[in-house]
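User: Could you walk me through reading a few features of a model? I'd like the general idea, then the case at hand.

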Amino acid sequence: MTGDRLSARFAGRFGAFLLDASFRFPKSGVTALFGPSGCGKTSLLRCFAGLEHLPDGEFSIDGEVWQDGSHFRPPHRREVGYVFQQANLFPHLTVSANLRYGEKRAKRDGKARFDELVALLGLSALLERMPARLSGGERQRVAIARALLSQPKLLLMDEPMSALDIHARQEIFPYLQNLRQSLSIPVLYVTHAPDEVARLADHLAVMRDGRVIAAGPTAETLARLDLPMAHERRAGIAIDARIADIDLRWQLALAKFEGGALWIAHTGRAVGEPVRLMIHARDVSIALTENLNVSIINRVPAIVREIARGDHPSVMIVHLEIGSRLIMARVTARSANLLSLQPGMAVYAQIKSVAIID
Ligand SMILES: Nc1ncnc2c1ncn2[C@@H]1O[C@H](COP(=O)(O)OP(=O)(O)OP(=O)(O)O)[C@@H](O)[C@H]1O
């Protein structure tokens with residue numbers, strides 16, 4: 001463990017499957033563990049919780065050794081919160097009693113946090129309900145609050161949205177985004193949904209075949225052309241910006257970041273408020289000069305940084321630098337050739353659509 005990072009390593013076999021995962025992640029904020037089905041994400045979480053004991057492992061947190069060559073702290077002695085795909089609430093207890101159960105597990109006095117977490121996860125109107133009368137999204141919000149009331153040093157979330165339908169997912173996102181901003185502990189969040197990574201994760205660890213093949217800040221890691229995510233159809237990059245100006249006549253807001261700015265739809269945010277944007281590679285095209293005869297309003301000067309083959313021979317993925325940020329453009333190999341795109345070239349990025357994700 002050094003500075004503001006934690007480091008973890010777990011290696012060993014689960015039957016025929018070999019886990020050999022080693023990575024570092026920030027002491028606070030959400031780290032997404034992202035990878036295809038069967039790559040070992042759940043097995044890795046279970047190692048953190050102490051539910052699996054691989055012979056070769058090292059993890060310490062807050063001055064406590066949870067595992068090393070000579071120690072193994074059993075699960076009940078690890079202050080860890082675990083949220084599963086399905087909220088496993090006690091069916092015979094009200095929401096309030098389920099939450100109080102979590103609170104009782106806290107080693108420190110958790111009373112102060114009850115009201116705060118109930119407010120943060122929007123549970124005040126649900127406290128007297130039985131779990132059977134909650135929607136899937138509401139159940140998950142209760143499960144998250146219950147896990148946090150035990151005052152964990154580490155929160156593990158295993159695909160908490162995967163059992164929810166699209167409406168419930170949309171409903172729960174804002175709560176998770178609020179949580180992300182207010183938690184001071186590390187969260188390991190397992191997912192194979194790229195939109196969850198872009199919306200919720202500050203940090204990203206990419207898994208393949210039992211190994212962590214890359215780990216780093218989300219935007220940088222999502223953009224890495226040597227990793228498969230950059231080549232997916234839905235590939236995109238999230239940018240944290242702040243509202244700098246509002247054009248009431250056209251109902252637009254100018255979102256500024258270091259060295260650049262983009263117009264987005266005005267959604268009521270005031271000047272100075274933060275906003276997280278998503279730019280999909282498929283919505284970005286490249287022009288050699290500023291083209292004033294197009295309907296696209298975001299035409300911004302950019303520098304070509306890197307060009308790589310896409311997931312099909314007809315496609316190229318181009319990294320463009322706008323100010324201090326990288327975005328990706330998905331263009332045809334033919335256009336890349338026609339425009340003679342080369343690293344270092346000054347071009348214009350034409351961004352057809354910018355999604356507001358937080
Ligand atoms: N106790 C076990 N004994 C044998 N094999 C196991 C055991 N636990 C996990 N595995 C295998 O290890 C591999 C990784 O499983 P794991 O559930 O960790 O993957 P995952 O990335 O979480 O997948 P998913 O996204 O589908 O949940 C799988 O092939 C699984 O069958």
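**Hairpin, ligand shell, helix pair**

Analyst: In the hairpin of strand 1 and strand 2, with two residues between the strands, glycine 15 takes a positive phi near 60°. This is a predicted model, where local features need pLDDT of at least 70, side-chain atom pairs count only at pLDDT 80 or more, and totals for chains, interfaces and linings use all residues. Residues are numbered from 1 along each chain as its sequence is written.

User: How many bridges join strand 1 to strand 2?

Analyst: Strands (E, at least two residues) are DSSP runs numbered from the N terminus, as are helices (H or I, at least four); two strands pair if DSSP finds at least two bridges between them. Here ten bridges join strand 1 (residues 5–14) to strand 2 (residues 17–26), and the two run antiparallel. Phenylalanine 10 has alanine 21 of strand 2 as its bridge partner.

User: Which residues are around the ligand?

Analyst: A residue counts as near if its C-beta atom, placed from the backbone, lies within 6 Å. Among those around the ligand are Gly15, Lys41, Thr42 and His192. Helix 1 (residues 41–49) gives the largest share of the shell, three residues.

User: And what describes a helix pair?

Analyst: Two packed helices are described by the angle between their axes and the distance between the axes. The axes, lines fitted to C-alpha atoms over the stretch in contact with angles from 0 to 180 degrees between N-to-C directions, come within 9 Å for helix 4 (residues 136–149) and helix 5 (residues 166–182) and cross at roughly 30°. So helix 4 is roughly parallel to helix 5 (angles under 35 degrees count as such).

Key. Parallel < 35°, antiparallel > 145°, perpendicular 65-115°, else oblique.
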